[in-house]
Amino acid sequence: MLISIFLLILVLFPNSTSSTNYKSKLVYPVTKVNYSLIWGKSYQTENCPAKKAQFESRVRRLYGNAHKEKELRELTQDIASRFSSLGYNPVLLAELLYRIALHESNGGKYTKQINGPARSWFQIEPSTAVGLVKNNPELIIGYDTEKLRKLPKQAMADLLEKRQDIAATIAVAKIIETGERLGTNKGLKT
């Protein structure tokens, strides 16, 4: 029993005076998830120490104070909860997705990459989204993949820019698909 209690120890993030700061309301299990490693290998598909350091720095700077803090927290929690049936811990997956949005879009500030094709708070390239929808439709949970599959690349780009829920789902699909191949998702599973 005592061991079970120790395994269930939760960490409460520090309180903040901001009324839109959700750190004080969220409780996360103690974990040693290396979010920058998962982002680097599974999301960026490279393991560049300099880029991982930049990721960690931006996350630290924006954590709890993102441009779209409330929306990011609600969206990432909602989308991550859909993947628990695949064995993923929704709290840890939501945390990774939140951190990706902090880094990729400066906390929800941008939905379109400057001088590049990526779109959404998660900066997904339309060609990546099209490929995931076609090759991994089982990971696009909650959406009609037949309709999404028929979208040309520009329509997918427009959709990613306007529909953060679909973009977040595709971001999780990217994490899962790549992470399963590379073995980086173990820390995200229940």
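Modeller: Let's start with a helix. Tyr35, Ser36, Ile38, Trp39, Gly40, Ser42 and Tyr43 are the buried residues of H2.

Biologist: How many of the residues of H2 are buried, then?

Modeller: H2 has 9 residues, and 7 of them are buried. The helix is mostly covered.

Biologist: What covers the buried residues of H2?

Modeller: The cover includes H3, H5 and helix H9, which spans 164-182.

Biologist: And what happens just after H2?

Modeller: Thr45 sits there, with a positive phi of about 55°. Most residues other than glycine have a negative phi.

Biologist: Let's step back. Which elements does the protein have, and in what order?

Modeller: The protein has 9 helices and 2 strands. From the N terminus, the order is α-β-β-α-α-α-α-α-α-α-α.

Biologist: How confident is the model?

Modeller: This is a predicted model. Its mean pLDDT is 86, and 84% of the residues reach 70 or more.

Biologist: Where is confidence lowest, and where is it highest?

Modeller: Strand S1, residues 10-12, is lowest, with a mean of 26. Helix H4, residues 69-81, is highest, at 98.

Biologist: Over which residues does pLDDT stay under 50?

Modeller: Residues 1-30. The model does give that stretch 42 contacts beyond four places in sequence. Where pLDDT is low, the predicted coordinates should not be read in detail.

Biologist: Noted. What share of the residues is buried?

Modeller: Buried residues account for 46% of the 190 in the protein. The accessible surface is about 9900 Å², and carbon and sulfur atoms hold 54% of that.

Biologist: And the contacts, how far along the chain do they reach?

Modeller: Take the contacts between residues at least 6 apart in sequence: 64% of those join residues at least 24 apart.

Biologist: New topic, pockets. What volume does the largest pocket have?

Modeller: About 480 Å³. Its lining has 18 residues.

Biologist: Which of them lie nearest its centre?

Modeller: Gln44, Glu104, Gln113, Ala118 and Gln123.

Biologist: Which helices supply at least two residues of the lining?

Modeller: H2 (35-43), H3 (49-62) and H5 (90-105) each do. H5 gives the largest share, with 3 residues.

Biologist: What is the lining like by class?

Modeller: There are 6 nonpolar, 7 polar and 5 charged residues.

Biologist: You listed Gln123. Where does Gln123 sit?

Modeller: In the loop between H5 and H6.

Biologist: Is Gln123 buried or exposed?

Modeller: Gln123 counts as buried because its relative accessible area is 13%, and the cut-off for buried is under 20%.

Biologist: What about Ser120, buried or exposed?

Modeller: Ser120 is buried, at 0% relative accessibility. Ser120 is also in the loop between H5 and helix H6, which covers 126-135. Its phi is positive, about 85°, although Ser120 is not a glycine.

Biologist: And Trp121, where is that one?

Modeller: In the loop between H5 and H6 too. Trp121 counts as buried, at 9% relative accessibility.

Biologist: What does Trp121 touch?

Modeller: Beyond four places in sequence, its contacts include Lys68, Glu71, Leu72, Leu75, Ile100, Ala101, Glu104, Tyr110 and Gln164. Trp121 is 19 residues from Leu102 in sequence, and their C-alpha atoms are 8.0 Å apart.

Biologist: What is Asn89 in contact with?

Modeller: Leaving aside neighbours within four places, Asn89 contacts Leu188, Lys189 and Thr190. Asn89 and Leu188 are 99 residues apart along the chain, yet their C-alpha atoms are separated by 5.7 Å.

Biologist: Last one, Asp165. Where does Asp165 lie, and what is in contact with it?

Modeller: Asp165 lies in helix H9. Beyond four places in sequence, Asp165 is in contact with Leu75, Ile79 and Tyr143. Gly142 is 23 residues away from Asp165 in sequence and 9.9 Å away in space, C-alpha to C-alpha.

Notes. Residues are numbered from 1 along each chain as its sequence is written. This is a predicted model: local features need pLDDT of at least 70, side-chain atom pairs count only at pLDDT 80 or more; totals for chains, interfaces and linings use all residues. Side-chain values use heavy atoms; hydrogens and water are left out. Helices (H or I, at least four residues) and strands (E, at least two) are DSSP runs, numbered from the N terminus. Buried means under 20% relative accessible area, exposed over 50%, partly exposed in between (1.4 Å probe, protein chains only). Contact means heavy atoms within 4.5 Å. Accessible areas come from the Shrake-Rupley method with a 1.4 Å probe; for residues, only the protein chains shown count as cover. On a 1 Å grid over the protein atoms alone, a cavity is a set of points where a 1.4 Å probe fits but cannot get out, and a pocket is an open set with protein on both sides within 12 Å along at least five of seven lines; lining residues have an atom within 4 Å of a point. Grid points are joined across faces, edges and corners, and a volume is the space filled by probe spheres set on the points. Ala, Val, Leu, Ile, Met, Phe, Trp, Tyr, Cys and Pro count as nonpolar, Asp, Glu, Lys and Arg as charged, and the others, Gly among them, as polar. pLDDT is the predictor's confidence in each residue, from 0 to 100.
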